[in-house]
Amino acid sequence: IGTKVLEVYAHSGDSVDEGTPLLKLDLQSAQTEYEKQLFEREVKREEMRQAQTKNATSLKEKKMQIELAEMQLAEQKMKLQNERYLDSIGSGTTERVRECELAVKKAELALKKEQQLYKDEEELQDASRRVQQLNMKSFEKSLDETMRKLDGARIRSPRKATLTRLLSVVS
């Protein structure tokens, strides 16, 4: 972190304990950057929650479509059964039976379509969730690295000792 020394707390010959600050550095810009990343993390978390809610709603809708298609199939099968019975007692026609058989096949296809759409949506959402998690993991690592740099920029005594010298670097 590029910064400047604001204050020197310890000088050569001073006794210091472990963790005692030796210098005060201007870390405001680095601290601001870290706080900005913390805010971004919260935004990303909320976006993930929002996406999860949206995805759950979408899956519920697809599930309802499957249930509707199942009911329509059951209705068509019942109509077919009724037409077969009417045909067997001479009140129906073979043509009506064939129409009902065709309607059952259409309803079966509609059900298969809805089931496939549900499965595809589920797989798409799982992949999207994994991508979001990987992005969040990468962002968390970046955030941790920023915090590590910020902590490293706070010049503290590594152990209890007598300070022999402080080196200053001027660029």
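I started with helix α1 (residues 28-88): its 61 residues reach 90 Å from first C-alpha to last, close to the 90 Å expected at 1.5 Å a residue. The expected span is 1.5 Å times one less than the number of residues. After α1 comes Gly-90, and I noted its positive phi, near 90°.

I am working on a predicted model, where local features need pLDDT of at least 70, side-chain atom pairs count only at pLDDT 80 or more, and totals for chains, interfaces and linings use all residues. Numbering runs from 1 along each chain as its sequence is written, and side-chain values use heavy atoms, with hydrogens and water left out.

I then listed the secondary structure: 2 helices and 4 strands, taken as DSSP runs (helices H or I, at least four residues; strands E, at least two) and numbered from the N terminus. Along the sequence the pattern reads β-β-β-α-α-β.

Next I looked up the overall dimensions. The C-alpha trace spans about 115 × 30 × 20 Å along its principal axes. The radius of gyration of the protein is 35 Å, whereas a compact globule of 171 residues would have one near 16 Å. I took this radius over C-alpha atoms, and the globule rule is 2.2 Å times the number of residues to the power 0.38.

For burial, I found that 23% of the 171 residues are buried, meaning under 20% relative accessible area (1.4 Å probe, protein chains only).

Last, I checked contacts (heavy atoms within 4.5 Å). Of those between residues at least 6 apart in sequence, 75% join residues at least 24 apart.

Methods
Buried < 20%, exposed > 50% of the residue type's maximum accessible area, 1.4 Å probe, protein only.
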